[in-house]
Amino acid sequence: MRSSSKLTFFLLITISVFSKTCKGRVFTFKMHHRFSDSFKNWSGLTRNWPEKGSFEYYAALAHRDQMLRGRRLSDADASLAFSDGNSTFRISSLGFLHYTTVELGTPGVKFMVALDTGSDLFWVPCDCSRCAPTHGASYASQDFELSIYNPRESSTSKKVTCNNDMCAQRNRCLGTFSSCPYIVSYVSAQTSTSGILVKDVLHFTTEDGGREFVEAYVTFGCGQVQSGSFLDIAAPNGLFGLGMEKISVPSVLSREGLIADSFSMCFGHDGIGRISFGDKGSPDQEETPFNVNPAHPTYNVTVTQARVGTMLIDVEFTALFDSGTSFTYMVDPAYSRVSEKFHSLARDKRRPPDPRIPFEYCYDMSPDANASLVPSMSLTMKGGRHFTVYDPIIVISTQNEIVYCLAVVKSTELNIIGQNFMTGYRVVFDREKLVLGWKKFDCYDVEDYNNFPLQPHASMVPPAVAAGLGSNSSTGSAKEASNKSLSSIASTYCYSHTSVFTSLISVFLICLLL
C-alpha cells in the first residue's frame, strides 16, 4: 500500500454498490490498510514510519498488535452500501489496517475509520478536550481534511441518556437523564478513548432497482478525550467496531431489519478490499461454527488440526478472527508445534534471533532459491473444513540481504487469526447462523458479487499494484508459486504483507481487538 505519488482520498474511496437477494439489505464499502503506501502518502507519515519491509517496520507492526490486544470496552435482499461505496484499503502508516469512509449526521460529515472485527464500538473524535490534531500534524493531508463531529451542528443528532439500554456504564452516570458516558481502555501505552454516547444517522445507498439513499440511526461514541497512541498516528479520525455486541453497527442494522444479520470482508493481495453488510456469502463457501460466549460474544472459532507442508499436526485450539490485528498469534503448544514443524521443513539457513523483529523463525533467502522450498500451511477447522494460508511468510529486505520469516508471533494470552492469514479470502461473519465462512476470492470479482464494480483504473490503485507487484492472486501460496524463484516473488511478498497489514483505519486499532 505504498505509493510514490499522492493519491487523493476520493480516488481511493471509490463508490461501489452491489445487490444480493436476502431479507434485508447489504451495505458495502471499500477498505484501506493503515500501513499501505497509498495511505502513507495521504497521511504524510512517510518521514515518521520505518521503511517498508525493514526489520524496524515489522517490529513496529507487532508492537501495535501487542498494544491493542489489551483493549476492552469498560462495562460497557437488496444491496446497500455506504454513501462513498464499499471499497476498503490497507493503510500502512495508520496502523496496518483496512480503512473506509463513512458519512455521519445531517448535513453529512465524512470520517475515515478503521475496520475491526475484534471490537464493538464505533467512535469518532467529537467535542474534543484532547484529540489528535486535525491540522499541522505529521499525518495531516491536503487531500482530505480530518473531521471532528459536533452534535450541535447535526440536526439529526440525539442524546443517549443513562436510562437507555445501550448505556453500559450507568455507574458513572450523574443522573438518570444525563448523557451516557463510555470509555475504551488499552492495557499498554496508556491508550484510551472516552466520551459520551450519541445517536445519529449513518448514510447508505441501495442499488435494488435504482439508487436510493438510506439513513440508519446508530449509537456511537462521541470521543472527547483520547490518550496514548490516539494522540499521534493511532486513530486520528475514528474506529468502526464490527463485533457481536448490541451496540455495534452490524447489530443495529440487522435489528432494524435493514440487512440480514451477516457481513463479509474481502482482503485482496494488493491491499484493496470490500466490506458488505448483509452479505451471507455463497453456497460453495467453507464454514465453521463460532464458539459464542454469551457474556462477551466474539468471532471465536476452533482449529482442530494444522498442516505444514505435507505433515499433519494434531493440535486443537480456539482463536479469534480479528481484522484489527496485523499478524497471527498462537499460544503454546500450538505455536511451538507449528513453528518447529515449519523449521524442520525449511531448506534455507535459519538466522539467529533478532531483537528488532517479533518473529523467531527467519531464514536467509538466496537469490536463486525456489519458492517451493517454503513450506505451505493450512488449518483444519471444527467441522472438517480446510483453511489454506496463502501468505504464511513475510519477506524483509535490506540493501544487503533478503530474509523471510514465518509470520506467526508467540502469544502468552490468546490465539488470534490476523489479517495476514485472511489475505486472498472473502471472509463471512454470519451472526444469524453463528458460522464463519470463507472462500478464495478476487476482491474485484464481478461474477460472484452482483453489480460489483469493475477493477478500477491503474491510477486508482497503489503504484505497486499498477506496476504488477500484487497482480498475482496466488503470490502468497508457496505451492502455487512453485515455478517462481524466491527472488522474483520477494517484492510481491513484501508488498502484500505490508499492504495487507496497511488497511483502512484512520480510526485505528484501539477498539478493535477484544
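## Stop 1: a lysine–aspartate pair

Select D284: its relative accessibility of 47% makes D284 partly exposed, where that class lies between buried (under 20% relative accessible area) and exposed (over 50%), computed with a 1.4 Å probe on protein chains only. This is a predicted model, in which local features need pLDDT of at least 70 and side-chain atom pairs count only at pLDDT 80 or more, while totals for chains, interfaces and linings use all residues. Residues are numbered from 1 along each chain as its sequence is written, and side-chain values use heavy atoms, with hydrogens and water left out.

The term needs a side-chain nitrogen of Lys or Arg within 4 Å of a carboxyl oxygen of Asp or Glu. K439 is in strand β28 (residues 435-440) and D284 is in the loop between β14 (272-277) and β15 (286-289), so the bridge ties together parts 155 residues apart in sequence. Strands here are DSSP runs (E, at least two residues), helices are runs of H or I with at least four, and numbering starts at the N terminus. K439 itself is buried, at 16% relative accessible area.

## Stop 2: other salt bridges

How many salt bridges does the count come to? The count is 12.

- Select K410 and D332. Their closest N and O atoms are 3.2 Å apart. K410 lies in strand β25 (residues 408-411) and D332 in the loop between β19 (328-331) and α5 (334-345), so parts 78 residues apart in sequence are tied together. K410 is partly exposed at 44%, and D332 is partly exposed at 34%.
- Select K110 and D84. This salt bridge has its closest N and O atoms 2.9 Å apart. It links distant parts of the chain: K110 in strand β6 (residues 109-116), and D84 in the loop between β3 (80-82) and β4 (87-91), 26 residues apart. K110 is partly exposed at 26%, whereas D84 is buried at 6%.
- Select K280, D430 and E432. Salt bridges link them in a network.

## Stop 3: strand β5

Stay with the strands and select residues 97-104. This is β5, and eight of its eight residues are buried. On one side, β5 pairs with β4 in the antiparallel sense over three bridges; strands pair if DSSP finds at least two bridges between them. Look for L97 in β5, the bridge partner of I91.

β5 also pairs with β6, again antiparallel, over six bridges. Y99 stands opposite A114 in β6. The hairpin of β5 and β6 has four residues between the strands, and G105 takes a positive phi near 85 degrees there.

## Stop 4: the nonpolar cores

Which residues have the most contacts inside the largest nonpolar core? They are F122, L202, F240 and F321, in a core of 91 residues. A core is a set of buried Ala, Val, Leu, Ile, Met, Phe, Trp, Tyr and Cys residues joined through side-chain atoms within 4.5 Å. Apart from it lies another core of 13 residues, among them Y329, I394, C405 and A407.

Centre on F122. Leaving out residues up to four places away in sequence, F122 touches residues including V102, L104, L202, F220 and F240. Contact here means heavy atoms within 4.5 Å.

Next, select T328 in strand β19. T328 is buried, at 0% relative accessible area. Its C-alpha atom is 6.9 Å from that of A407, 79 residues away along the chain. Beyond neighbours within four places in sequence, T328 contacts A407, V408, V409, I416, I417, G418, N420 and F421.

## Stop 5: rings

Colour the aromatics. The whole structure has 16 aromatic pairs. Rings of Phe, Tyr and Trp (its six-membered ring) pair if their centres lie within 6.5 Å; planes under 30 degrees apart are stacked, over 60 edge-to-face, and the rest tilted. Y390 and Y425 make a tilted pair, 5.1 Å centre to centre, with 40 degrees between the planes. Y390 is buried at 9%, and Y425 is buried at 3%.

Ring pairs also link F122, Y149, F220, F240, F263, F277, F290, Y299 and F429 into a cluster.

Finish with two charges over rings. The charged end of K158 sits over the ring of Y217, 4.3 Å from its centre. The charged end of R426 sits over the ring of F441, 4.6 Å from its centre. The rule asks for NZ of Lys or CZ of Arg within 6 Å of the ring centre and within 35 degrees of the ring normal.
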